[in-house]
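Me: Before the labels are used, I would like to see the grounds for each of them. Please take them one at a time.

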Amino acid sequence: METTRTEKDMIQSHPAEVLREYGPFPGINDVSGVTFDGTQVWFGRGEALVALDPKSGTILRELPVMADAGTAFDGRYLWQLADARIQKIDPGTGRVISTIPAPAEGRDSGLAWAEGMLWVGEYRARKIHQIDAETGAILRTITSDRFVTGVSWSNGDLWHATLEDEKSEIRRVDPQSGEVLERLELPEGIVVSGMETDGHGTFYCGGTSTGKVRAVRQARR
């Protein structure tokens, strides 16, 4: 009799390799949203957005804006979840240019930018919303079977981080259906809050209450 492969068997699953750890940093007890502007890694630490040099591992500066969840970069501006709103921020001055309502009204998690739209994780509801960056209107929603933390787009692929039972994965999913296409399994004891890719196979991941940021990639097989 021919053996039928299960759905789980057909999903590409690989171990993830931690390339480097940054921090913990003095006075920073929690890392939430994470993004990458091509040069600097930005991460939220509650009452500020922090710019990190990924080469030297040093903190370059901070912007005094509320930053308690997902962070994104659109090529010019930073976008930051702050309670029940999303702030559009000038990274040069730290000025909040505008705000829109967050889709989950404060229960939001990861944040990503792609082709003029924002993608927002809703943590406990296990959802990702595509929203209009001008109005905040929800355009589409996909679901996961794990709590959604970070969200990232890379070279046309949608990825999101998960957290369930103190275990995290980074998943590539179909942006239309939410179907899981690939899973990167994090080492035991490492959980992911915010997440962003550098576009070349490395993910910068927030380490929640560890106060760390980690560079993670798919392990070579």
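**Grounds for the labels**

Reply: Asp 145 has a relative accessible area of 46%, so this residue is called partly exposed. The class lies between buried (under 20% relative accessible area) and exposed (over 50%), with a 1.4 Å probe and protein chains only. This is a predicted model, where local features need pLDDT of at least 70, side-chain atom pairs count only at pLDDT 80 or more, and totals for chains, interfaces and linings use all residues. Residues are numbered from 1 along each chain as its sequence is written, and side-chain values use heavy atoms, with hydrogens and water left out.

Me: What makes Asp 145 and Arg 146 a salt bridge?

Reply: The term asks for a side-chain nitrogen of Lys or Arg within 4 Å of a carboxyl oxygen of Asp or Glu. The closest N and O atoms of Asp 145 and Arg 146 are 3.7 Å apart, so the pair qualifies. Arg 146, at 31%, is partly exposed. Both residues belong to a network of salt bridges that also links Glu 169, Arg 171, Arg 183 and Glu 185.

Me: Which salt bridge does Glu 21 form with Arg 214, and how far apart are the closest N and O atoms?

Reply: The closest N and O atoms of Glu 21 and Arg 214 are 2.8 Å apart. Glu 21 is in strand S1 and Arg 214 in strand S20, 193 residues apart; strands (E, at least two residues) are DSSP runs, numbered from the N terminus. Glu 21 also meets Lys 212 in a salt bridge, at 3.0 Å from N to O.

Me: Why is Arg 214 called buried?

Reply: Its relative accessibility is 7%, so Arg 214 falls in the buried class. Glu 21, at 38%, counts as partly exposed.

Me: Why is Glu 115 called exposed?

Reply: The relative accessible area of Glu 115 is 80%, so the label is exposed. Glu 115 sits in the loop between strands S10 (108-114) and S11 (117-122), and its phi is near 50°, a positive value in a residue other than glycine. Most residues other than glycine have a negative phi.

Me: How do you know that the peptide bond between Gly 23 and Pro 24 is cis?

Reply: Omega is about 5° for the bond joining Gly 23 and Pro 24. Pro 24 lies in the loop between strand S1 (12-22) and strand S2 (34-36).

Me: What is the average pLDDT of the protein?

Reply: The average is 93, and 95% of the residues score at least 70, where pLDDT is the predictor's confidence in each residue, from 0 to 100.

How values were computed. Helices (H or I, at least four residues) and strands (E, at least two) are DSSP runs, numbered from the N terminus.
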